[in-house]
Amino acid sequence: MASQDHQAWLLEQGNIKVLSREHRHGHGRTAHNMSSSSLRKKSNPRLLSKIQPGVVRSILTNFQEVFLGTKLSVLFPAVLLAIIAQLYHFGRPWVFALSLLGLTPLAERVSFLTEQIAYFTGPTVGGLLNATCGNATELIIAIFALSQNKVALVKYSLLGSILSNLLLVLGSSLFCGGIANLRLEQKYDRRQADVNSMLLLLGLLCHMLPLLFRYAAGSTALAAVPTLNLSRASSIVMLIAYIGYIVFQLFTHRQLFEAEEDPEGDDVSSEETAVIGLWSGIAWLVGMTVVIALLSGYVVGTIEAASESWGISVSFISIILLPIVGNAAEHAGAIIFAFKNKLDITLGVALGSATQISMFVVPFCVIMAWIMGMKMDLNFNLLETGSLAVAIIVTAFSLQDGTSHYMKGLVMLLCYIVIGSCFWVTNIPLRSTWPGVFGHTVNDIPA
């Protein structure tokens with residue numbers, strides 16, 4: 001521990017130092033970490049070579065690593081432009097578009113900072129950080145939407161994130177990887193995929209039961225009361241299952257989720273270097289979270305104006321556009337590793353993110369809405385739940401044999417296109433209530 005503190009002090013003084021071999025091997029990099037690192041670029045030490053070690057050099061070093069250490073650094077000006085557009089009351093659709101673009105590099109930087117912190121805290125704390133911050137953008141947007149009583153937007157955006165990870169990200173990765181490796185046999189470890197598939201099916205059951213209960217109970221508005229109670233109980237069960245998943249992932253079966261080292265020594269394995277200190281990483285992580293919260297508020301507040309201005313339904317923007325733009329960095333990383341025929345990393349990114357949203361973010365939002373006095377249930381309506389069921393079943397069947405080819409990815413992509421087309425022609429207004437199966441809403445629940 002003393003050596004780690006010494007390394008952190010050296011980094012705070014602007015001295016980049018490779019961690020010890022023992023600590024690097026104990027780091028246990030996950031697929032999510034390795035995928036994010038594929039979009040990073042090494043800093044140029046010559047830029048700061050003439051500056052003497054001290055506070056100024058430390059600040060400039062951190063600035064260089066945080067803002068210039070990613071291939072998405074060209075999108076950082078969108079953050080400032082979004083703030084300026086909001087302050088000077090530019091068109092609200094412009095605020096929405098610039099906020100979405102600004103969230104893309106911020107989401108990738110959060111992953112980078114959690115990995116930097118994990119170098120000093122160890123793999124367990126780092127894994128817990130990744131388990132809670134891996135989808136920080138979706139979680140913050142959902143909390144802001146709940147604070148404005150936009151339950152529909154919460155459901156739309158979270159459903160879209162799951163569909164995007166399962167069909168778009170995984171489908172495009174398998175398709176591109178299959179085309180790029182036509183003459184190679186593509187294999188992956190089925191065990192990690194099986195665990196995630198089981199959890200996704202459990203989440204699907206928790207979504208389907210409130211919907212089926214509303215059908216079985218008839219058209220009376222009183223059916224909303226037990227539906228809401230069932231959803232809250234199911235959310236608690238989902239959170240318990242997610243805690244078990246974290247224990248399984250970080251303690252009892254960690255070897256299934258740790259990405260293998262690359263024997264060829266490419267850019268991924270060379271990333272085993274802490275480039276900023278512990279306390280700097282924590283400070284930057286807090287700052288990035290604050291900026292993400294600010295842009296998330298802009299997105300939630302301007303989405304309806306963007307929908308009206310662009311002539312696109314809110315459901316399409318929330319389910320299709322938000323997940324694609326918000327997770328672009330993660331998606332690109334998964335595709336890059338599929339090109340390299342490293343499907344274990346690709347599956348870890350896509351399935352891991354979908355599982356985290358389904359089993360943690362969704363039930364967490366239900367519980368948060370309960371605490372805030374709002375009525376959010378797990379009944380995502382017939383069309384949305386049906387789309388979710390198709391996505392999970394297609395994914396589970398595609399991954400059951402431990403091999404891959406481009407045809408599997410093509411089918412997933414076509415499923416996503418069909419679902420996206422459905423929400424393109426669907427124009428459901430964004431309201432604080434969520435329409436029930438028979439026309440009544442969750443807000444029909446008597447006090």
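Visitor: How many helices and strands does the protein chain have?

Guide: The secondary structure of this predicted model consists of two kinds of element considered here, helices and strands. The count for the protein chain is 17 helices and 2 strands.

Visitor: What percentage of the residues in the protein chain is buried?

Guide: A residue counts as buried when its relative accessible area is under 20%. The protein chain has 447 residues, and the buried share of them is 57%.

Visitor: Among contacts between residues at least 6 apart in sequence, what share joins residues at least 24 apart?

Guide: The contacts considered are those in the protein chain between residues at least 6 apart in sequence. Of these, the share that joins residues at least 24 apart is 84%.

Visitor: Is serine 307 buried or exposed?

Guide: Serine 307 is found in helix α12, which covers residues 278-310. Its relative accessibility is 10%. Because the limit for burial is under 20%, serine 307 counts as buried.

Visitor: Which residue has its backbone oxygen 2.4 Å from a polar atom of the side chain of serine 307?

Guide: Leaving aside residues up to four places away in sequence, serine 307 touches Ile312, Ser313, Val314 and Ile317. The backbone oxygen that lies 2.4 Å from a polar atom of the serine 307 side chain belongs to isoleucine 312.

Visitor: How many residues apart in sequence are the parts that lysine 150 and glutamate 304 tie together?

Guide: The side chains of lysine 150 and glutamate 304 meet in a salt bridge, with a distance of 3.5 Å from N to O. Lysine 150 lies in the loop between α8 (136-147) and α9 (151-180), whereas glutamate 304 lies in helix α12, so the pair ties together parts whose separation in sequence is 154 residues.

Visitor: How many salt bridges does a search of the whole structure find?

Guide: One of them joins the side chains of arginine 191 and aspartate 189 at 2.8 Å, N to O. The search of the whole structure finds a total of 6.

Terms used. Residues numbered from 1 in each chain as written. Predicted model: local features only at pLDDT ≥ 70, side-chain atom pairs only at ≥ 80, totals over all residues. Heavy atoms only, no water. Helix = DSSP H or I, 4+ residues; strand = E, 2+ residues; numbered from the N terminus. Buried < 20%, exposed > 50% of the residue type's maximum accessible area, 1.4 Å probe, protein only. Contact = heavy atoms within 4.5 Å. Polar contact = N/O pair within 3.5 Å; in protein donor to acceptor, adjacent residues only side chain to side chain. Salt bridge = Lys/Arg side-chain N within 4 Å of Asp/Glu carboxyl O.
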